[in-house]
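Reader: Hi! I'd like to go through this one with you, a bit at a time. Could you start with the terms I'll need?

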Amino acid sequence: MPTDTHASPATPVGCTNFKLRQLTRRVTQHYDQHLAGMGLKITQYSLLTHVDRLGPLAPGELARRMDMGASTLTRNLQPMIAAGWLVMGEGVDARSRLVSITDAGLEMRRQAQRRWKAAQVALNDKLGVATVVALHGLLDQGLAAFHEEDLHEY
């Protein structure tokens, strides 16, 4: 009996990780191009935004809220602290630390927000708003599945 080597439309073809990373690289490049004039990368803009919105918080909590590893967060924080956009201050006890945004960081975020918005609008135009909405839904669904898995590990 011959085997059908063509996948059905319901069967994924190729490596999901590879496809996601390809798209992520291209989308990151898109946003970075829009933010380049500010001397900022999209990862840095995202960190400024999270710290601004969440207020002073522990690095571990920031990493958790951004779905980022602690060592990756530390590497990303270092140049932003050196630039004076974020500070690492004392926490509630001698062993804890809190990440806070500075006035310079707030100003950088405010100025960069216009470029971020332009990048978002351009991406919506490039992919189509309906595609972006669908993509957000699929990404949220995938993240929720991993978060649910994380809850069961503890």
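Author: Happy to! Buried means under 20% relative accessible area, exposed means over 50%, and partly exposed is in between, with a 1.4 Å probe and protein chains only. Helices (H or I, at least four residues) and strands (E, at least two) are DSSP runs, numbered from the N terminus. This is a predicted model, where local features need pLDDT of at least 70, side-chain atom pairs count only at pLDDT 80 or more, and totals for chains, interfaces and linings use all residues. Residues are numbered from 1 along each chain as its sequence is written, and side-chain values use heavy atoms, with hydrogens and water left out.

Reader: Thanks! Let's take α2, then. Which of its residues are buried?

Author: In α2 the buried residues are Ile 42, Gln 44, Tyr 45, Leu 47, Leu 48, Thr 49 and Val 51.

Reader: And what do the buried residues of α2 pack against?

Author: Quite a list: α1 (16-35), α3 (59-65), α4 (70-82), β1 (86-90), β2 (97-101) and α5 (103-127). Contact here means heavy atoms within 4.5 Å.

Reader: How many residues does α2 have, and how far does it reach?

Author: Helix α2 covers residues 42-54, which is 13 residues, and reaches 18 Å from its first C-alpha to its last. That is close to the 18 Å expected at 1.5 Å a residue; the expected span is 1.5 Å times one less than the number of residues.

Reader: What follows α2?

Author: Gly 55, and its phi is positive, near 75°.

Reader: Switching to the core: how many residues are in the largest nonpolar one?

Author: The largest nonpolar core has 24 residues. By nonpolar core I mean a set of buried Ala, Val, Leu, Ile, Met, Phe, Trp, Tyr and Cys residues joined through side-chain atoms within 4.5 Å. Leu 40, Leu 47, Leu 48, Leu 62 and Leu 86 have the most contacts inside this core. The elements giving it two or more residues are α1, α2, α3, α4, β2 and α5, and the largest share, 5 residues, comes from α2.

Reader: Nice. What is Leu 86 in contact with?

Author: Leaving aside neighbours within four places in sequence, Leu 86 is in contact with Leu 48, Val 51, Leu 77, Met 80, Ile 81, Val 99, Ser 100, Ile 101 and Thr 102.

Reader: How many aromatic pairs turn up in the whole structure?

Author: The search finds 1. Tyr 45 and Trp 116 are stacked, 6.1 Å centre to centre with 15° between the planes. They link distant parts of the chain, with Tyr 45 in helix α2 and Trp 116 in helix α5, 71 residues apart. For the cut-offs, rings of Phe, Tyr and Trp (its six-membered ring) pair if their centres lie within 6.5 Å; planes under 30 degrees apart count as stacked, over 60 as edge-to-face and the rest as tilted.

Reader: Is Tyr 45 buried or exposed? And what about Trp 116?

Author: Tyr 45 has 5% relative accessibility, so it counts as buried. Trp 116 is partly exposed, with a relative accessible area of 27%.

Reader: On to charges: how many salt bridges does the whole structure have?

Author: There are 4, where a salt bridge is a side-chain nitrogen of Lys or Arg within 4 Å of a carboxyl oxygen of Asp or Glu. One of them joins the side chains of Asp 52 and Arg 109 (3.5 Å, N to O).

Reader: Why does Arg 109 count as buried, and why is Asp 52 partly exposed?

Author: Arg 109 counts as buried because its relative accessibility is 9%. Asp 52 is at 29%, so it counts as partly exposed.

Reader: Which residues make a salt-bridge network?

Author: Glu 61, Arg 64 and Arg 65 are linked in one. Arg 64 meets Glu 61 at 2.7 Å, N to O, and Glu 61 meets Arg 65 at 3.6 Å, N to O. Arg 64 and Glu 61 both lie in helix α3, 3 residues apart, while Glu 61 and Arg 65 are 4 residues apart in that helix.

Reader: Why would that spacing point the same way?

Author: An α-helix has 3.6 residues a turn, so residues three or four places apart point the same way.

Reader: Last one: where is His 30 found, and what is His 30 in contact with?

Author: His 30 is found in helix α1 and is one of that helix's buried residues. Apart from neighbours within four places in sequence, His 30 is in contact with Ala 119, Ala 122, Leu 123 and Lys 126.
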